[in-house]
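Q: I have a new model open and would like to learn how to read it. Could you take me through it feature by feature?

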Amino acid sequence: MEKLRIEKKMLHRVKNFIKKFFISIVLLFLIAILFNCYSSENEIVSSLSIVSYGGGSYQKSHIESFLKPFEKFTGITMNSITWGAEYGKLKEMVSSGNVPWDVVEVTDAQFKRGKREGLFEKLVIYPESKEFLPNTIDDYGVANVYWGTVMAYSYKEFPDNQPNSWRDFWDIEAFPGFRALYDDPRGNLEFALLADGVDIDSLYPLDVDRAFEKLNLIKDNIRVWWNEGTQPIQLLQNKSIVMTSAWNGRIFALREQEKKIGYTWFGAALELDWWIIPKGSNFVETASRFITFSSYPERMAHQATLIGYGPVNMEALKYIEKDIQTMLPTYQENWNKSFVINAEWWSENETVMMKRWITWKNK
Amino acid sequence: MNKIKVILSLVPLVLMFLFFWVPIIVWLQKWVFATNTISFWPDSSTRTLLLNTFYVASITSLVSTTIAHPITIFWWLASRRYRTILISVMMLPLFVGLLARNYSWIGMLSYLESTNISLLNIFSDQHILYTNFSVVLVMIYIFIPFAFFIIIQSFSTIGFAELNAGKTMGASFFESLHKLVLPRTWKQTIISILFIFASSFGYYVTPRMIGGGKNDLIGNLIWRYMEQGDLDSASLSALILLLLLVPLYVVSFILIVRWRRRILGR
Amino acid sequence: MTIINLKSPRYFTVILIVFAFIVSLFLIIPSLYVIIWSFLGTANVGVLGKPTVVWYKEVLFNKQWIYAATYSVSLAIASSTISTISSVFYYYSSIWFRNHYQNLGWILMIGPLFFPTIIYGLALRATFNANNLSEWSALLVGHSVLSFPIQYFIIESNNERLNSKWIFSAVSLGATHWEVLKKIVFPLFHYPILLAFGIGFLLSFDEIVLATFVIDSPISTIPKKMWDAINYSHDPTPAVIGTSVLLIAILCFLLGKLIFRNKDNGY
């Protein structure tokens with residue numbers, strides 16, 4: 001009886017001890033966190049933060065081609081961040097004065113708009129090469145790549161007669177099945193006008209009413225308005241759709257796999273991405289050095305072989321293999337079939353177009 | 001000693017005021033009323049989406065609560081082991097995570113489509129994914145546990161003694177259910193409907209992932225405005241959303257206070 | 001093996017049980033698919049392949065995910081602690097005081113339940129980010145506020161544990177207010193408080209809306225990282241994380257049961 005009582009008491013003591021130990025660990029952890037997390041944020045501020053537009057293999061191409069070599073070259077710790085081109089975030093960051101980002105990749109339309117609204121710092125150092133494509137170096141930024149939105153389709157659905165233009169995309173009878181398009185009026189309005197017979201050199205200023213009328217004809221056949229870069233490829237592979245617009249880099253990534261997805265450069269929409277330094281950044285000179293470093297032909301060539309987007313420094317083509325060159329937007333044959341999205345027009349009309357787009361899409 | 005009691009009881013109220021209401025006031029002052037042109041009449045894109053949002057939110061709230069109510073009755077009547085099992089089933093989705101669950105629905109529905117499994121020919125083209133139906137289905141799936149945990153509040157206050165007392169006085173099981181249980185639980189049911197309605201009104205994760213861009217809700221619009229840099233429009237749309245929900249707030253507050261006074265005596 | 005305690009008409013019992021079973025299946029199957037997907041998944045979300053642990057290796061041994069996990073866990077513990085303590089204090093005030101500001105308290109408390117989180121996200125951004133305050137503090141505040149009402153309801157739903165007779169007898173035997181709280185009230189509420197803490201932790205760990213509005217820096221929570229990742233990949237990363245969290249939760253639950261064994265476990 002006595003033995004049982006002692007054993008019960010011991011068990012009770014052990015249980016109590018474990019309880020107290022558990023609680024004290026949690027408290028210690030809490031205290032550690034409160035001191036730790038705040039200081040770790042300070043460490044990040046002292047290194048250079050590079051923000052890529054989009055993640056995955058595109059972010060990797062920046063890390064392998066630009067960030068790692070620059071880190072090796074200068075010894076500065078580089079951080080790679082991704083963002084979804086949320087212009088609002090950038091604007092708000094700059095207006096608040098709290099700018100944790102040092103170099104940001106923006107779209108052409110955002111570059112024009114941001115320059116107008118005074119969101120960027122002037123570069124301190126510029127690339128010296130003379131083989132840059134026209135209008136790709138500015139006081140406030142240097143362009144990185146030309147990327148394209150192409151029309152992609154499933155080979156299995158159309159083994160004999162492949163679609164070749166946006167007219168075919170709109171032709172439900174000859175090419176039946178569901179389609180997908182990017183959930184943004186930019187690009188889609190141009191594709192609609194091309195399908196309606198507008199000449200590729202006379203797209204701008206856009207006849208918006210005509211474009212929406214043309215889009216109405218295909219609206220019921222659009223199964224998905226995709227908003228993630230990987231979606232169109234997945235939808236084609238899942239057989240949810242037969243045709244879609246897609247970013248050429250995603251298709252480039254499949255080039256070594258079995259040919260299931262075809263695409264065409266006819267009527268492809270090309271856009272430029274720019275490196276800029278947001279106003280209020282703490283390291284303007286170092287950021288400028290990074291931008292210049294990223295514009296070296298060897299660096300750009302390395303990026304092109306990884307991601308399939310066209311470098312703006314044509315000197316880089318010397319370092320790229322021929323079969324990869326043919327897949328780039330800036331390859332002459334592809335360039336001739338495509339058009340460049342007019343960033344000026346879009347920077348002025350983006351907000352209005354977006355509202356109209358949302359209303360139209362959800363009706 | 002009284003001072004300590006008062007301080008202890010004021011701490012949560014002060015925290016809530018500082019952490020919630022102050023940011024709301026700052027937001028209103030900074031991004032809503034700071035703009036020059038304030039128009040409370042929503043533009044065309046907002047109006048279109050408000051209708052769709054109202055439709056989706058109503059169906060989600062009504063169906064989730066309708067499904068959760070009998071489940072709560074089951075919980076109330078069940079033995080202890082089955083109560084535990086049911087609670088675990090309800091809590092399992094919380095552990096797995098919201099994004100993972102949305103993805104699993106995409107995966108399951110894509111798999112069904114790619115294997116051409118006909119779902120009783122309900123849908124003419126056997127496509128469920130990227131439709132309004134799939135958005136509502138997944139939102140119902142997400143909100144059923146919330147409805148359950150809200151309604152369970154009222155059932156936990158009802159003991160079997162009352163039902164047994166009714167039985168001894170000759171009432172049938174359904175009469176007891178109807179006259180003793182439902183009057184004490186209907187208010188919590190209404191609160192559940194209102195809470196889920198309010199939550200799904202600002203929802204954008206599921207419509208973005210499952211909706212295929214064709215079934216946007218007002219939350220997606222606010223998100224878009226943020227991306228565009230149009231913080232003023234985002235805040236204005238959010239304010240319209242808020243104004244529409246204020247009557248909900250008032251009704252639920254009255255219901256909660258009266259229910260608590262009646263049932264809990266305070 | 002009794003399923004239903006009370007004697008109810010047979011057909012009603014059968015229908016209720018079948019309905020509960022179907023709804024439980026509806027709730028479980030997507031969660032089970034998540035677990036299956038984490039082991040059989042391919043880069044395409046709709047396609048399952050052969051069993052593999054490649055995705056587990058990619059996520060669990062990846063530095064970025066470990067940093068995100070540390071961030072999420074620390075945030076969840078801190079916010080859940082604050083909100084649990086607040087909800088305990090609030091519960092204390094609601095049972096011991098019948099005062100004129102109780103309705104005011106309800107107005108203050110009920111706000112987060114009915115405000116769409118997206119609005120609160122905008123508000124936090126306007127208050128914290130715009131004034132150079134840290135993101136971690138913004139999320140700490142946000143998550144505490146969001147879990148507070150739910151935790152309070154959980155604690156309050158265990159009201160029947162409090163037997164007023166015990167309190168009266170303790171007071172009649174000379175116990176002070178604080179002794180009653182410490183020795184009678186608080187021990188009865190161990191389990192509900194732990195449950196509330198756990199729910200608060202989960203709500204914070206899985207919270208996505210506030211994180212996407214507030215976080216700009218590279219250090220982010222796990223849901224925010226997953227949300228950013230959906231733009232370039234539909235691989236089973238979310239499934240791996242969901243399954244890992246579930247496993248850890250089951251382990252913690254079993255450990256908790258072992259340590260805090262109590263006859264009156266309630267649920």
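Q: Is B:Tyr103 buried or exposed, and why?
A: Burial is a matter of relative accessible area: under 20% is buried, over 50% exposed, and in between partly exposed, with a 1.4 Å probe and protein chains only. B:Tyr103 has a relative accessible area of 1%, so the residue is buried. Bear in mind that this is a predicted model, where local features need pLDDT of at least 70, side-chain atom pairs count only at pLDDT 80 or more, and totals for chains, interfaces and linings use all residues. Side-chain values use heavy atoms, without hydrogens and water, residues are numbered from 1 along each chain as its sequence is written, and chains are lettered from A and ligands numbered from 1 in the order in which they are written.

Q: Where does B:Tyr103 lie, and which residues is B:Tyr103 in contact with?
A: Start with the element. Helices are DSSP runs of H or I with at least four residues, strands are runs of E with at least two, and both are numbered from the N terminus. B:Tyr103 lies in helix α4 (residues 98-114) of chain B. Contact means heavy atoms within 4.5 Å. Leaving aside neighbours within four places in sequence, B:Tyr103 is in contact with B:Met209 and with C:Trp37, C:Val45, C:Ile230, C:Ser233, C:His234 and C:Pro238. As for B:Met16, 87 residues away along the chain, its C-alpha atom is separated from that of B:Tyr103 by 34 Å.

Q: What should I look for in a nonpolar core?
A: In soluble globular proteins, nonpolar side chains tend to be buried together. A nonpolar core here is a set of buried Ala, Val, Leu, Ile, Met, Phe, Trp, Tyr and Cys residues joined through side-chain atoms within 4.5 Å. The largest one has 284 residues, and A:Phe290 and B:Trp27 touch the most other members. Helix α5 (residues 132-155) of chain B gives the most to this core, 16 residues. Apart from neighbours within four places in sequence, the contacts of B:Trp27 include B:Val32, B:Leu239, B:Leu242, C:Ile119 and C:Leu122.

Q: How many aromatic pairs are there, and how do I sort them?
A: Rings of Phe, Tyr and Trp (its six-membered ring) pair if their centres lie within 6.5 Å; planes under 30 degrees apart are stacked, over 60 edge-to-face, and the rest tilted. Over all chains, the structure holds 57 aromatic pairs. In one of them, B:Phe20 and B:Trp21 are edge-to-face, 5.1 Å centre to centre with 90° between the planes. Both of these residues are buried. For B:Trp223 and C:Phe213, the ring centres are 5.7 Å apart and the planes are at 70°, so this pair is edge-to-face. That pair crosses between chains, from helix α9 (residues 218-228) of chain B to helix α10 (residues 209-214) of chain C. B:Trp223 and C:Phe213 are buried. Ring pairs also link A:Phe66, A:Phe70, A:Phe73, A:Trp275, A:Phe290, A:Phe293 and A:Tyr296 into a cluster.

Q: Which charged residues lie over the face of a ring?
A: The test is NZ of Lys or CZ of Arg within 6 Å of the ring centre and within 35 degrees of the ring normal. A:Lys337 lies over the face of A:Phe266, 5.0 Å from the ring centre.

Q: Why does the span of helix α9 of chain C agree with what it should be?
A: The expected span is 1.5 Å times one less than the number of residues. Helix α9 (residues 190-205) of chain C has 16 residues, so it should span 22 Å, and its end C-alpha atoms are 22 Å apart. Its buried residues include C:Pro192, C:Ile193, C:Leu202 and C:Phe205. The buried residues of this helix pack against several helices, among them α3 (80-96) of chain B and α12 (237-259) of chain C.

Q: How many helices and strands does chain B have?
A: Chain B has 10 helices and 0 strands, and 61% of its 266 residues are buried.
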